[in-house]
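This briefing is meant to be read alongside the sequence and the coordinates. It starts with annotated positions and then moves on to backbone geometry and helix packing.

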Amino acid sequence: MYPLIRPRRLRSNEAIRSLVRETIITPSDFLVPLFVVEGQGIKEEIPSMPNYYRLSLDNLAKEVKELWRMGLCSVLLFVKVPDNLKDNIGSEALNENGLMQLAIKTVKNACPDMLVMTDVALDPYSSYGHDGIVADGQILNDESVEVLAEMSVSHAKAGADFVAPSDMMDGRILSIREALEDEGYTNTGIMAYSAKYASAFYGPFRDALDSAPVDIKNVPKDKKTYQMDSANRSEAIKETLMDIEEGADIVMVKPGLCYLDIVREIKNEVDVPVAVYQVSGEYAMVKAAAEKGWLDHDAVMMEQLLAIKRAGANIIASYFAKDAVKLMG
Ligand code: PBG
């Protein structure tokens with residue numbers, strides 16, 4: 001057919017390119033992860049996540065107001081828990097006046113319409129840095145799920161709109177759904193980290209929360225007995241379909257960039273919204289290369305976000321949310 005069909009006609013200037021563009025990023029695509037610490041007046045930069053901060057509650061209130069003004073209307077909360085409040089069963093996670101519960105209320109007070117999602121897993125509260133309870137070198141499943149369900153109810157009670165279990169224990173979505181129903185939180189949603197891989201890209205996040213598995217005898221050094229093997233594809237579909245059957249409203253794939261094949265496959269398979277978490281290590285890589293002058297920060301950031309959306313993400317949890325929206329103008 002050449003030269004009758006010339007694909008370059010549709011690329012010849014920005015007007016035609018934007019006319020035929022298939023994927024567009026908007027502020028409403030983003031879910032903004034926020035790290036909360038105890039104290040007052042604190043805004044401390046996370047060393048392995050340049051220009052990303054841990055915030056005390058007063059600064060959290062300011063931050064969400066700013067996000068709201070920028071059109072960023074959904075946040076995902078994480079807390080950094082002091083060592084003296086950590087134990088093996090995550091007791092502090094259930095404290096009605098704990099940092100997470102106060103953070104939820106702070107966001108809702110500052111910005112009543114902001115959508116608040118909360119991380120549900122034991123690791124920030126665990127003296128061993130695991131997402132569940134540790135016993136005899138194992139992560140206990142069903143015992144951990146009980147705590148996660150109680151934790152979810154506690155977040156709902158404090159005002160969370162969605163709970164986001166990131167632990168990868170078996171059966172936790174059903175248990176959480178049932179616990180929420182039993183307590184009358186029928187409108188509290190669940191965003192399930194369904195295909196969450198045991199990834200080395202979580203390093204900077206574990207620095208941010210001081211939540212890495214500890215190096216003690218009889219404590220597993222990694223999360224490979226519960227998070228998924230990076231080599232697996234069909235298992236991601238199985239996990240995701242199970243979570244939907246158990247009551248997940250939104251499913252998530254995590255990390256992003258290395259797993260976009262999984263995102264597309266899940267997107268083709270399911271009829272619930274699909275979220276993708278562009279994780280801390282993905283953020284850190286771009287920042288580090290850009291600092292060295294090796295990559296164009298803004299161009300690479302937008303290309304990655306676009307790729308995530310093109311792959312099938314309806315929601316993107318990203319540390320770049322503010323940078324990206326600023327760039328969009
Ligand atoms: C903990 C949790 C992790 C992340 C989100 N929730 C870390 C982990 O599983 O060890 C990672 C997020 C990121 O790296 O940005 N359950």
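In which strand is Lys 196 found? Lys 196 is found in strand β9, and the description that follows rests on a predicted model. The mean pLDDT of the chain is 97, with 100% of its residues reaching 70 or more, while for the complex the predictor gives an ipTM of 0.98 and a pTM of 0.97.

**Positions annotated as active site**

- An unreviewed UniProt entry lists Lys 196 and Lys 254 under the feature "active site"; although these positions are spread over 59 residues of sequence, they cluster in space, with a largest C-alpha distance of 4.9 Å.
- Lys 196 has 27 C-beta neighbours inside 10 Å and therefore counts as buried, given that 20 or more are needed for that class.
- Once residues up to four places away in sequence are set aside, Lys 196 touches Ser 166, Met 168, Gln 227, Met 228 and Lys 254, so that the contacts of Lys 196 include the other lysine listed by UniProt.
- Lys 254 belongs to strand β10, which covers residues 250-254, and Lys 254 is buried because 25 other C-beta atoms lie within 10 Å.
- Leaving aside neighbours within four places in sequence, Lys 254 is in contact with Tyr 193, Lys 196, Tyr 197, Tyr 277 and Val 279.

**Position annotated as binding site**

- The feature "binding site" is placed at Glu 239 by UniProt, again in an unreviewed entry, and Glu 239 is found in helix α7, residues 234-246.
- Is Glu 239 buried or exposed? Glu 239 counts as buried, because 22 C-beta neighbours are found inside 10 Å.
- Apart from residues up to four places away in sequence, Glu 239 touches Ser 194, Ala 195 and Met 228; Met 228 is also among the residues touched by Lys 196.

**Backbone geometry**

- A cis peptide bond, with omega about -5 degrees, joins Lys 254 and Pro 255, and Pro 255 is found in the loop between β10 and α8.
- Met 168 is a residue other than glycine with a positive phi, near 70 degrees; Met 168 is found in the loop between β8 and α5 and is one of the residues touched by Lys 196.
- Because 25 C-beta neighbours lie inside 10 Å, Met 168 counts as buried.
- Asp 136 also has a positive phi, of about 50 degrees, although Asp 136 is not a glycine, and Asp 136 is found in the loop between β6 (133-135) and β7 (138-140).
- Asp 136 is exposed, because 6 other C-beta atoms lie within 10 Å.
- Gly 184, which follows α5, has a positive phi near 90 degrees.

**Helix packing**

- In helix α5, residues 172-182, the buried residues are Arg 172, Ile 173, Ser 175, Ile 176, Arg 177, Ala 179 and Leu 180.
- These buried residues of α5 pack against α4 (142-158), β8 (162-165), β9 (189-196) and α7; among these elements, β9 holds Lys 196 and α7 holds Glu 239.
- The axes of helix α8 (residues 260-269) and helix α10 (residues 297-311) come within 8 Å and cross at roughly 30 degrees, and α8 and α10 are therefore roughly parallel to each other, a term that applies to angles under 35 degrees.
- Leu 260, Val 263 and Arg 264 of α8 make this contact with Ala 307, Ile 308 and Ala 311 of α10, and by class the contact of α8 with α10 has five nonpolar, no polar and one charged residues.

**A residue of helix α2**

- Lys 65 is found in helix α2, residues 57-69, and is partly exposed, because 14 other C-beta atoms lie within 10 Å.
- Setting aside residues up to four places away in sequence, Lys 65 touches Ala 110 and Cys 111.
- How far apart in space are Lys 65 and Met 302? Lys 65 and Met 302 are 24 Å apart, C-alpha to C-alpha, and 237 residues apart in sequence.

Definitions and conventions:
Residues numbered from 1 in each chain as written. Predicted model: local features only at pLDDT ≥ 70, side-chain atom pairs only at ≥ 80, totals over all residues. Axes fitted to C-alpha atoms, helices over the stretch in contact; angles between N-to-C directions. Helix = DSSP H or I, 4+ residues; strand = E, 2+ residues; numbered from the N terminus. Parallel < 35°, antiparallel > 145°, perpendicular 65-115°, else oblique. Contact = placed C-beta atoms within 7 Å. Nonpolar A, V, L, I, M, F, W, Y, C, P; charged D, E, K, R; others polar. UniProt positions renumbered as here; feature names shortened; annotations may be inferred. Buried ≥ 20, exposed ≤ 12 C-beta atoms within 10 Å, placed from the backbone. pLDDT = per-residue confidence, 0-100.
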